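Please read it with the coordinates open.

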Amino acid sequence: MLSLFAPGVLVAASLISVAAVTESGPQPPVVRGIYGSPQEFWQKGMSLRDHHVNAIFVHYSAIDEETIRRAHEEGCRVYAEFATLNGDGYVEKHPEAWPVDETGQESPRQLWFMGVCPTDEVFLRYRLEALEKLVSRYDLDGVWLDYLHWHNQFEEPKPILVRTCFNESCLKRFEKETGLRPEGATIAEKAKWILARHEKQWNDWRCSVTADWAAKCREVLKRHRPRALLGNYQCPWTDEEFDRALWRYMGIDLNRLPRQFDIVSPMVYHGRMGRPAGWVGEYVEWLGKRLKVRPASRKLRIWPIVQAWSDPEGHAVSAEEFRRVLQGGMAPPASGVMMFTTGAVASEPEKAATMKELYRSPTK
Ligand SMILES: [Zn+2]
């Protein structure tokens, strides 16, 4: 999520509905969600039920008993967004977890994103304990992982892509799990050897680390809440974009990572990423084919998150544009949708009316 969505600021909401479900049987419920604290609605005297919202996606720091109770009362399911490989606030106090680039230096903070070394065992335990505390305490319908990728900032027209992490922890684990022994006396020499001779193994290994994080998060969630869904807020690129950056930089292998999830939510922020509104529907269609997702599937499902929010320093999303991206995000093979953000919709009557109209008639 964007930084404005940073800790404690943003919340998400989305909607889901009712029953049903087999490959050949009735269509699954259509999830009509909002991302952001529902307080933004409630404080304006607006009702989720009246807007046909049936799911809310909320930053985990904004989850409390009262929000869950009231959302349930309005017929909504409640999903918590959980920051995963976001090192902000952690790497400053634990410099050994700061991602290291191919020259052996700490890779700098990006515009607003700060990642972390994904193989740091102490950080892994720290995050899993936080997840366990969250899911054991609250009656959640699911958890959506965010920032499940290596240190790169992708929510930009031109993403900031760097090669990490070559610290001791990563080099040791790479050696152990691939059997390769990088040659050289320094990090820079070892990184050069890896990238020159074994780039594919390096990229595949990085993807395995990311998938391992997802599997561990899944184990924690399902142990406490077997029926809860695990979702992923995922970078909305094809395999080929930016010179195969999904695999080469982000550590995301579409043949592997989605298998750990019940739902994939591509973050199709057209305005933020400088793309036309029509791209949203095109990408969702592409992803559905790529992941072999069918709208009625009970296995892997796609619920995109589209952009309603206007960037005060960048692209302003009009109500008409919001209509187009919401329609694109909710068209098959998607079986649910949500928008970024609840606040943007709650504060702009025209967008709220658009959402209400489309959510009442999802197939319109
Ligand atoms: Zn590392």
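1. Terms first. Helices here are DSSP runs of H or I with at least four residues, strands are E runs of at least two, and both are numbered from the N terminus. By that convention Thr341 sits in the loop between β10 (336-340) and α10 (342-346). The model is a predicted one.

2. Overall make-up. The protein has eleven helices and ten strands. Its radius of gyration is 20 Å, close to the 21 Å that the globule rule gives for 364 residues, so the protein is as compact as a globular protein of that length. The C-alpha trace spans about 65 × 45 × 40 Å along its principal axes.

3. Of the 364 residues, 47% count as buried. Take the contacts with a separation of 6 or more: 71% of them come from residues 24 or more positions apart.

4. The core. In soluble globular proteins, nonpolar side chains tend to be buried together. Here the largest nonpolar core holds 101 residues. Which members touch the most other members? They are Val143, Val306, Ala308, Leu326 and Met339. Helix α6 (residues 199-224) supplies the largest share of this core, with eight residues.

5. Val306 up close. Neighbours within four places in sequence are left aside here. Val306 then contacts Val268, Val280, Val325, Leu326, Gly329, Val337 and Met339. Leu326 and Met339 are also on the list of core residues that touch the most other members.

6. Helices α8 and α9. At what angle do α8 and α9 pack? The angle between α8 (residues 278-290) and α9 (residues 319-330) is about 5°, and their axes are 7 Å apart. Angles under 35 degrees count as roughly parallel, so α8 is roughly parallel to α9. On the α8 side, the contact is made by Gly278, Val280, Gly281 and Val284. On the α9 side, Val325, Gly328 and Gly329 make it. By class, the contact has three nonpolar, four polar and no charged residues.

7. Asn232. This residue is in strand β6 (residues 229-234). Is Asn232 buried or exposed? Asn232 has 25 other C-beta atoms within 10 Å, so it is buried; the cut-off is 20 or more. Beyond four places in sequence, Asn232 contacts Trp144, Leu145, Leu148, Phe261, Val264 and Ser265. Phe82 is 150 residues apart from Asn232 along the chain, yet their C-alpha atoms are separated by 9.4 Å.

8. Phe154. This residue lies in the loop between β5 (142-146) and α4 (168-178). Phe154 counts as buried because it has 23 C-beta neighbours inside 10 Å. Its contacts, leaving aside neighbours within four places in sequence, are Pro159, Cys235 and Met250. Pro236 is 82 residues apart from Phe154 along the chain, with 8.9 Å between the C-alpha atoms.

9. Pro99. Look for Pro99 in the loop between β4 (77-83) and α3 (121-137). Pro99 is buried, with 26 other C-beta atoms within 10 Å. Not counting residues up to four places away in sequence, Pro99 touches Ser107, Gly115, Val116, Cys117, His151, Thr164 and Cys165. His270 is another matter: Pro99 and His270 are 171 residues apart in sequence and 29 Å apart in space, C-alpha to C-alpha.

10. Cis peptides. Most residues other than glycine have a negative phi, and most peptide bonds are trans. Where are the cis bonds to check? One joins Thr164 and Cys165, with omega about 5°. Cys165 is in the loop between β5 and α4, and both Thr164 and Cys165 are touched by Pro99. Another cis bond joins Phe340 and Thr341, again with omega about 5°.

11. Positive phi. His52 is not a glycine, but its phi is positive, about 65°. His52 lies in the loop between α1 (39-42) and β3 (55-59). With 19 C-beta neighbours inside 10 Å, His52 counts as partly exposed. Lys292 also has a positive phi, about 55°, and is not a glycine. Lys292 is found in the loop between α8 and β8 (301-302). Lys292 is exposed, with 11 other C-beta atoms within 10 Å.

Definitions and conventions. Residues numbered from 1 in each chain as written. Predicted model: local features only at pLDDT ≥ 70, side-chain atom pairs only at ≥ 80, totals over all residues. Axes fitted to C-alpha atoms, helices over the stretch in contact; angles between N-to-C directions. Parallel < 35°, antiparallel > 145°, perpendicular 65-115°, else oblique. Contact = placed C-beta atoms within 7 Å. Nonpolar A, V, L, I, M, F, W, Y, C, P; charged D, E, K, R; others polar. Rg over C-alpha atoms; globule rule 2.2 N^0.38 Å. Buried ≥ 20, exposed ≤ 12 C-beta atoms within 10 Å, placed from the backbone. Core = buried A, V, L, I, M, F, W, Y, C linked by C-beta atoms within 7 Å.
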